[in-house]
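Me: Please take a close look at a single part of this model and describe it in its surroundings. I would like one connected account that begins with one side chain and then widens to the rest of the chain.

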Amino acid sequence: MAFLLHAQPSHSLPAADLRRPSPLIHRGPASVRFPLRCKAVDSYGGNSDDLYLLTGDTAPASALLSRTRLEDAIKNNTTRLRIFSGTANPSLAQEISCYLGLELGKIKIKRFADGEIYVQLQESVRGCDVFLVQPTCPPANENLMELLVMIDACRRASAKTITATQGRESIAAKLVANLITESGADRVLACDLHSGQSMGYFDIPVDHVYGQPVILDYLASKGISSDDLVVVSPDVGGVARARAFAKKLSDAPLAIVDKRRHGHNVAEVMNLIGDVKGKVAIMVDDMIDTAGTISKGAALLHQEGAREVYACTTHAVFSPPAISRLSSGLFQEVIITNTIPLSEQNYFPQLTVLSVANLLAETIWRVHDDCSGDIEPFSTLGID
């Protein structure tokens, strides 16, 4: 359970920061059909010689026992872990199941002519720990309602525990928290909430996972010298996130784009705090919607002498005109994760998609096996 596939450290970054789940990398539309991971050898039933701990190559006894329990349960078909996918992001759910060596649970989801959602579980979940992979990505209201109906179906089928696996939180976060709780969920697994304080809205346990490890791993593989790096927050509100990212990226220096509007109908004034001249600027945010803020920030960085600009985000909402802005030549590369499914027409040459499936799969198994307290490096996954 504590095992992760090992990524070779870059010479320009500390090895300690690189022992994280290896990202599944997609480049361009064609790569969606040919992912580089999620083969049989990558699941828990694979070759243990290729597996490493987060902070070392020697597994503690508790980690070995946890992994052995999972392998035995899968082999003997006695595991009480069930993973079901909604219609929001089935490819991510499939990767999570593949990493764990499980098959997705059988579920029928359809919509009647009037739009009403119908959910039917097609296998028993009595006494099982059920994880529902259904992020509230666009269309947010439809996907949220589908999640609530799935939770209710599992509760009525006597599931032992129900965990809702989500991406970013809704604007009406407290209301959504109440809906998820009252529908029968026992736990929430969230990836990069827009505001960490939203966890306090829930009256049930929340596991908050960050997408930073897979992005950091990928940047490390590019071999950029640590002396050339600077991490940039696209606005003042993201400073804490950018500072944490910079600390893990060879303790890189930090720069901030300060955006101010001095009055109504007055153009924004952009100022840069920090030095980016001749540097490779890594802009970090939790989500990109229309890409207005991050694109204006990138233009400012080029004006201030940045050599290259990279954009990194967990949630790629990409509302129009995001694609045209991001593909305009301001960015050397736009690095996102697959928490939100991306249609092929929205791919562009500078785009790289990394998978968080391994990260979520690790968390799901640790929650199911109750082994997080036994493994010291659990926090290095970016879990609150």
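**A buried lysine and its surroundings**

Reply: In this predicted model, lysine 279 is buried and yet has no salt bridge. The nearest side chain of opposite charge belongs to aspartate 228, 5.9 Å away, whereas a salt bridge requires a nitrogen and a carboxyl oxygen within 4 Å. Lysine 279 is placed in the loop between β13 (269–273) and β14 (280–288). Beyond its neighbours within four places in sequence, lysine 279 is in contact with two runs of residues: Asp227, Asp228, Leu229 and Val230, together with Gly305, Ala306, Arg307 and Glu308.

Two of these contact residues, Asp228 and Arg307, are themselves paired. Aspartate 228 forms a salt bridge with arginine 307, with the closest N and O atoms 3.8 Å apart. Aspartate 228 belongs to the loop between α5 (212–221) and β11 (229–233), and arginine 307 to the loop between α7 (292–303) and β15 (308–316), so this pair ties together parts that are 79 residues apart in sequence. Unlike the buried lysine 279, aspartate 228 counts as partly exposed because its relative accessibility is 26%. Arginine 307 also counts as partly exposed, at 45% relative accessibility.

The side chains of aspartate 285 and arginine 241 meet in a salt bridge, at 3.4 Å from N to O. This pair again links distant parts of the chain, since aspartate 285 lies in strand β14 and arginine 241 in helix α6 (residues 239–248), 44 residues apart. Here aspartate 285 is buried, with a relative accessible area of 14%, while arginine 241 is partly exposed at 21%. Elsewhere, salt bridges that share partners join Arg111, Glu142 and Glu146 into one network.

Arginine 155 forms a salt bridge with aspartate 152, the closest N and O atoms being 2.7 Å apart. Both residues lie in helix α3, three residues apart, or about one turn of the helix. Arginine 155 counts as partly exposed at 40% relative accessibility, and so does aspartate 152 at 23%. In total, the structure holds 12 salt bridges.

The buried residues of α4 (residues 173–183) are Ala173, Val176, Ala177, Ile180, Thr181 and Ser183. Just after α4, glycine 184 adopts a positive phi of about 120°.

A search of the whole structure finds eight cavities of 30 Å³ or more.

For the chain as a whole, the secondary structure comes to nine helices and 17 strands. Buried residues make up 54% of its 384 residues. Among contacts between residues at least 6 apart in sequence, 66% join residues at least 24 apart. The accessible surface comes to about 16,900 Å², and carbon and sulfur atoms contribute 50% of that area.

Terms used. Residues are numbered from 1 along each chain as its sequence is written. This is a predicted model: local features need pLDDT of at least 70, side-chain atom pairs count only at pLDDT 80 or more; totals for chains, interfaces and linings use all residues. Side-chain values use heavy atoms; hydrogens and water are left out. Helices (H or I, at least four residues) and strands (E, at least two) are DSSP runs, numbered from the N terminus. Buried means under 20% relative accessible area, exposed over 50%, partly exposed in between (1.4 Å probe, protein chains only). Lys and Arg count as positive and Asp and Glu as negative; His and the chain ends are not counted. Contact means heavy atoms within 4.5 Å. Accessible areas come from the Shrake-Rupley method with a 1.4 Å probe; for residues, only the protein chains shown count as cover. On a 1 Å grid over the protein atoms alone, a cavity is a set of points where a 1.4 Å probe fits but cannot get out, and a pocket is an open set with protein on both sides within 12 Å along at least five of seven lines; lining residues have an atom within 4 Å of a point. Grid points are joined across faces, edges and corners, and a volume is the space filled by probe spheres set on the points.
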